[in-house]
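Reader: I am new to reading structures. Please take me through some features, one by one.

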Amino acid sequence: MGNLCCFFSYMTSIANIVDAVRNPFCIWRTLRGIEPLCCDGKPRYVVGNAAVTFFVRHNGESKVLKCYTRTHKNLGIIYGSDFHSRELCIADLTGRKVWIDCLLTKFIEGITLDNLLKEELSADTLHSIATAFDRMALQLLSSPRAHGDLKPENIVVAPDFQSMQAIDW
């Protein structure tokens, strides 16, 4: 399979990544059974700084597939086995076939802290959120790794407001 694609790209676009993931015959290096969740026949995704994040089903579970537009040397260290180096084959802007890095993680149910704080909340709910934040902060401080971009939109609050989890490391 190494002859099908080059190892890296200088000109990967978001449209190229979306086209590849949308294609049921796309080429994965190790992953199998990735099914993008669609709305009106189009994959559901969001675009961030250097990646396209898709909502997918994999082995019967809801997951998040993050496809990077450029390589980052520390992603394997940060994400461990969830990180898949040179996983998805796409055609770059020049038409050349290239492998891009991907991250496949469990979907975390909840609402981001920034969106939650835009709502009108009771004092009891705010107390629960503050307590959950304190617990999460303690876990992060005792963790051997650092987040690097901790902000309200990178924190997911559980539906019961009892816990929070940092995302987008």
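Author: Start with a term. Two notes on the source. This is a predicted model, where local features need pLDDT of at least 70, side-chain atom pairs count only at pLDDT 80 or more, and totals for chains, interfaces and linings use all residues. Residues are numbered from 1 along each chain as its sequence is written, and side-chain values use heavy atoms, with hydrogens and water left out.

Reader: Is Cys102 buried or exposed?

Author: Buried means under 20% relative accessible area, exposed over 50%, and partly exposed in between (1.4 Å probe, protein chains only). Cys102 is buried, at 0%. Cys26 is buried too, at 17%.

Reader: Where is Lys66 found?

Author: Strands (E, at least two residues) and helices (H or I, at least four) are DSSP runs, numbered from the N terminus. Lys66 sits in strand β7, residues 61-68. Its relative accessibility is 14%, so Lys66 counts as buried.

Reader: Which residues does Lys66 touch?

Author: Contact means heavy atoms within 4.5 Å. Leaving out residues up to four places away in sequence, Lys66 touches Ala51, Val52, Thr53, Asp101, Cys102, Leu103 and Asp168.

Reader: Which residues of helix α1 are buried?

Author: In α1 (residues 14-22), they are Asn16, Ile17, Val18, Ala20 and Val21. These pack against several strands, including β7 and β9 (97-106).
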